[in-house]
Amino acid sequence: MERPLQPGGTIGILGGGQLGRMSAIAARRLGYKVRTFDPSAGACAAAIADEHVTADWSDTAALTRFAQGCGRVTLEFENIPPATVEFVAKSVPCHPSASVLATCQNRRREKEFLRASGIPCADFAVVSSLAELQAAVKSVGFPCVLKTADFGYDGKGQVKLPTAEADLAAAWAKIGGAGGVLEAWVPFQMEISVLVARTVDGRTAVYDPAENIHRDHILHLSLSPARISAATAAEARELALSIADKIQLVGLLAVEMFVRDGRIVVNELAPRPHNSGHQTFDAHETSQFEQHVRAVCGLPLGGTKPLAPSAMVNLLGDVWRDGQEPDWTKVLADPSAKLHLYDKGKAAPGRKMGHITVTAPTVEEAMRRAEALHAAL
Ligand SMILES: Nc1ncnc2c1ncn2[C@@H]1O[C@H](COP(=O)(O)OP(=O)(O)O)[C@@H](O)[C@H]1O
Ligand SMILES: [Mg+2]
């Protein structure tokens with residue numbers, strides 16, 4: 001059995017975005033050394049790392065250099081080729097595994113895994129041609145949504161088909177004529193997500209669901225705890241734990257879910273820290289980033305209890321009007337607010353540049369204050 005990697009060791013992170021940056025902050029706080037790997041030299045996690053390797057995912061010489069001296073390797077980005085993880089795993093334990101990554105990064109494999117595992121999810125059909133799409137709408141019914149199998153995020157690579165009048169050929173062309181899944185539309189009341197961590201020896205820790213509110217298909221607010229019944233929250237946690245076991249997760253997994261009439265429908269899986277868990281940094285016993293590190297290294301997992309109700313609001317590039325750095329004074333002056341900026345350089349519309357977490361006596365108040373701070377920027 002793999003031995004825990006104790007603080008003082010070196011953790012390698014594949015990917016250099018904000019999720020890697022915040023994982024690196026957590027790792028360094030625990031006394032680990034951190035190495036990051038990303039095709040971009042300006043990746044925002046690199047500033048936190050002891051060393052950064054800039055190279056393509058398929059550059060085996062660079063991957064060998066990166067892995068040398070690492071006690072563990074993990075990832076923060078879902079679209080890394082599984083072959084990259086497989087290559088690194090020959091010399092260093094790498095979590096999550098190439099197989100978990102391959103399942104979660106491809107919608108078809110992900111949905112097939114969920115269905116085969118008996119996890120409730122939207123009815124779906126795999127489609128690999130226009131003819132298959134035409135047949136699939138008959139079994140799945142309307143409304144439904146066509147999604148690409150690969151590289152979808154923030155609602156990209158999706159076409160909603162509201163009624164039988166929908167133009168299937170146009171939808172097929174819009175997803176690039178690539179393979180995908182046709183999914184039944186779920187008339188949900190709320191979107192939630194659950195973070196679950198699991199170690200190589202099967203220990204687990206799960207957080208309470210967060211409630212997610214999107215704007216233009218991008219996460220806007222995440223509220224913790226979600227405003228759902230105790231029974232629904234328990235069902236959500238149980239499903240996340242069951243998925244972690246069935247997929248043989250090592251590391252951290254976010255499970256996106258829909259709540260429909262008090263029951264859970266699982267939407268998708270992300271085997272890494274998740275935007276909807278950023279409030280755990282300031283509002284929970286253990287942040288998702290530290291939990292990620294603990295799980296990957298085989299340490300005892302940390303407590304998951306909320307310290308206070310909280311709301312996290314994303315700071316997208318749109319807030320940098322005319323490219324100008326916003327005035328952060330109001331946020332910084334609010335004792336219940338914490339400002340996190342990712343130092344990503346150029347702000348572009350829709351680009352995730354940072355977030356604010358507000359804690360308050362109630363989740364409604366946290367939401368109101370987070371919205372007000374955001375609106376004042
Ligand atoms: N089957 C569905 N029924 C209802 N809403 C959906 C469905 N699939 C996706 N959505 C909506 O679109 C959003 C993005 O879809 P998702 O599958 O999570 O892809 P991604 O987050 O990778 O873009 C979801 O958060 C949800 O609001
Ligand atoms: Mg999603």
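Angles under 35 degrees count as roughly parallel, those over 145 as roughly antiparallel, those of 65 to 115 as roughly perpendicular, and the rest as oblique. The structure is a predicted model, in which local features need a pLDDT of at least 70 and side-chain atom pairs count only at pLDDT 80 or more, whereas totals for chains, interfaces and linings use all residues. Residues are numbered from 1 along each chain as its sequence is written, while chains are lettered from A and ligands numbered from 1 in the order in which they are written.

The protein chain is divided into domain 1 (10–94), domain 2 (123–184) and domain 3 (190–375), with bounds that come from an automatic or database domain assignment. Taken over C-alpha atoms, the centres of domain 1 and domain 3 are separated by 22 Å. Contact between these two domains involves 19 residues of domain 1 and 17 residues of domain 3, two residues being in contact if their C-beta atoms, placed from the backbone, lie within 7 Å. On the side of domain 1 that touches domain 3, the elements giving two or more residues are α1 (18–29) and β4 (72–75); α1 gives the most, with eight residues. Helices (H or I, at least four residues) and strands (E, at least two) are DSSP runs, numbered from the N terminus. By class, this side of domain 1 has eleven nonpolar, four polar and four charged residues. Here Ala, Val, Leu, Ile, Met, Phe, Trp, Tyr, Cys and Pro count as nonpolar, Asp, Glu, Lys and Arg as charged, and the others, Gly among them, as polar.

Helix α1 packs with helix α10 (residues 288–297) at an angle of about 70 degrees, their axes lying 8 Å apart. Axes are lines fitted to C-alpha atoms, for helices over the stretch in contact, and angles run from 0 to 180 degrees between N-to-C directions. The helices α1 and α10 are therefore roughly perpendicular to each other, and their crossing is right-handed. A crossing is right-handed if the near helix is turned clockwise from the far one by less than a right angle, and left-handed if anticlockwise. In this packing, M22, S23, I25, A26 and A27 of α1 meet F289, E290, H292 and V293 of α10. The contact comprises six nonpolar, two polar and one charged residues.

T60, L63 and A67 of α2 meet T84, F87 and V88 of α3, a set divided into four nonpolar, two polar and no charged residues.

Ligand 1 is surrounded by 15 residues, of which A122, G152, E183, W185 and V186 are the closest; a residue is near a molecule or strand if its C-beta atom, placed from the backbone, lies within 6 Å of it. The shell around ligand 1 divides into five nonpolar, five polar and five charged residues, and draws at least three residues from each of domain 2 and domain 3.

Most residues other than glycine have a negative phi, and most peptide bonds are trans. The peptide bond from H95 to P96 is cis, with omega near -5 degrees, and P96 is placed in the loop between α3 and α4 (98–105). The bond from F142 to P143 is likewise cis, with omega near -10 degrees; P143 belongs to the loop between α6 (130–140) and β6 (144–148). D216, although not a glycine, has a positive phi of about 50 degrees and is found in the loop between β11 (210–215) and β12 (218–224).
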